[in-house]
Amino acid sequence: MELRHLRYFVAVAEELHFTRAAQRIGIAQPPLTAQIKALESELGVQLFNRQPGRVSLTLPGQLYLEEARAILEHVRMAALRCQLSAQGMVGRISVGFTESASFRAEVTTALQRYRSLYPRVEMSLEESRTGPLMDALRQGRIDVAFVRLPIGDDSGITFSLLSTEPMMVVVPKGHPLDGRQSVRLEALRDELFVLYPRSTRSGVPEMVVAACEARGFSPKVVQQAPQVSSTINLVASGLGISIVPACMRGTRSDDVHYLSLEDSGLVASLGMAHRSGELSPALRNFVDLVLDGASV
């Protein structure tokens, strides 16, 4: 039995007239009649009552019509989903991002636009630090990630730079540096630092430590915090100072003070990373959308 037999049967069952059904599906009436008889023979069931000038469905024919319609609809939907999948209109993607990335318009706008343009794609989000996100990406647990340079081992990874911004020093109100507009990195030699955990050769904390060491000192880290926002909260409590991307400067602005760094060369680079190779259509649409809106 082929799908065309079901289509022929449904046409006759709906028209209850062999000639009109043949015209509807675009074949001659005799072959259509022969195909219906062959279908009945294959099923071992009479589907139609045939009387001069009148065709009607038998009870088995009525049941078969329901099933045939359901099968044809299922086939139609399967074909539609296949086509939509090839276009990236349906599917699933998993997106990772660092906390500071969620303060960047490049990220939030991309997520909002993708939701709007591809509402039938299931998008899951995961927030973490650059190191764990890169591990998850390499292991296939997420598909794409917004991360900060450096990213460590980049073999098998495609990285696209999206934006850069200066790093800023954040100090608690009342700190000796409160009120100043800028400071040199080496002037922080004796300060106590609050940083979020370093990952091997990846992320902003690694870059901050490397920059300090290039100026001849290692930062005195008195406390690690799980995320950059909690870092700023701990700075506000007077636990120490920190260095964060400029996009964070609106956080706890009544309790902390942000200073520019003079001649430090410290910039926070935000990028999008995904595994190299062929991308699923849904992921390709996401990547293209992000790159179209990139500011770099």
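This note walks through some features of the structure above, point by point.

1. **Ground rules.** This is a predicted model, in which local features need pLDDT of at least 70 and side-chain atom pairs count only at pLDDT 80 or more, while totals for chains, interfaces and linings use all residues. Residues are numbered from 1 along each chain as its sequence is written, and side-chain values use heavy atoms, with hydrogens and water left out.

2. **Domains.** The chain is assigned a domain 1 (3-87), a domain 2 (91-161 + 270-294) and a domain 3 (166-268); such bounds come from an automatic or database domain assignment.

3. **Cysteines.** How many disulfides does the structure hold? There are zero disulfides, a disulfide being a pair of cysteine sulfur atoms within 2.5 Å. Cys212 is in no disulfide, and its nearest cysteine sulfur, on Cys247, is 19 Å away. Is Cys212 buried or exposed? Cys212 counts as buried because its relative accessibility is 0%, whereas Cys82 counts as exposed because its value is 53%. Here buried means under 20% relative accessible area, exposed means over 50%, and partly exposed is in between (1.4 Å probe, protein chains only).

4. **A cis proline.** Look at the peptide bond from Leu149 to Pro150: it is cis, with omega near -5 degrees. Pro150 sits in the loop between strand E5 (144-148) and strand E6 (157-172). Helices (H or I, at least four residues) and strands (E, at least two) are DSSP runs, numbered from the N terminus.

5. **Positive phi at Leu16.** Leu16 is not a glycine, yet its phi is positive, at about 50 degrees. You will find Leu16 in the loop between helix H1 (3-15) and helix H2 (18-25). Leu16 counts as partly exposed because its relative accessibility is 35%.

6. **Positive phi at Arg252.** Arg252, also a residue other than glycine, has a positive phi near 55 degrees. Its place is in the loop between strand E10 (242-245) and strand E11 (256-262). With 34% relative accessibility, Arg252 counts as partly exposed.

7. **A nonpolar patch.** Which residues make the nonpolar surface patch of about 220 Å²? They are Met1, Leu43 and Val45. Patch residues have over 30% relative accessible area and no salt bridge; like charges are joined within 9 Å, and nonpolar side chains (Val, Leu, Ile, Met, Phe, Trp, Tyr) within 5 Å. A salt bridge is a side-chain nitrogen of Lys or Arg within 4 Å of a carboxyl oxygen of Asp or Glu. Accessible areas come from the Shrake-Rupley method with a 1.4 Å probe, and for residues only the protein chains shown count as cover. Leu43 belongs to helix H3 (residues 29-43) and is partly exposed, with a relative accessible area of 31%.
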